[in-house]
Amino acid sequence: MSPTFGKIIRQARKGKELSQRELAKLVGVDYTYLSKLENDHAGYPPSEDVINKLAVHLNLNEDELRHLAGRITPDDTKIFEELVKKYKQVPTLLRRMRDEPEFAKKLLRETTESET
């Protein structure tokens, strides 16, 4: 089973022997919100500030947490900007992938197969 943002947070919190209330207080969020994050039911990605504080208090990699939370890392932004400069069609391609999930799956599958 692949790791999720919530699973990583919960495992790290328990490893540090912190309750949800204790960690929530350190991070500055309500414990019910932390519970939703741990259960991957928050409905939206946590803010950059929350991700940063979770990484600091749980000794986790902040970039990995951003990825798992569905946020774009600064490195991702740099790569995207480089690709747009080189290939003007990149935004069009990404919109098509967003609007046509089957096209996105096919493209990703073909890309993965060509790498092996």
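Is Lys105 buried, partly exposed or exposed, and what is its relative accessibility? At 48% relative accessibility, Lys105 counts as partly exposed, where buried means under 20% relative accessible area, exposed over 50%, and partly exposed in between (1.4 Å probe, protein chains only). Keep in mind that this is a predicted model, in which local features need pLDDT of at least 70, side-chain atom pairs count only at pLDDT 80 or more, and totals for chains, interfaces and linings use all residues. Residues are numbered from 1 along each chain as its sequence is written, and side-chain values use heavy atoms, leaving out hydrogens and water.

Lys105 forms a salt bridge (a side-chain nitrogen of Lys or Arg within 4 Å of a carboxyl oxygen of Asp or Glu) with Glu102, with 3.6 Å between the closest N and O atoms. Because they sit three residues apart in helix H8 (residues 101–115), Lys105 and Glu102 are separated by about one helical turn. Helices (H or I, at least four residues) are DSSP runs, numbered from the N terminus.

Now look at helix H3 (residues 31–38), whose buried residues are Tyr33, Leu34, Leu37 and Glu38. They cover an arc of only 140 degrees around the axis, which puts them on the same side of H3; the arc is that of the directions from the helix axis to the C-beta atoms.

Helix H1 holds Arg13, which counts as buried at 8% relative accessibility. Among the residues that Arg13 touches, not counting those up to four places away in sequence, are Leu34 and Glu38; contact means heavy atoms within 4.5 Å.

Conventions:
Helix = DSSP H or I, 4+ residues; strand = E, 2+ residues; numbered from the N terminus.
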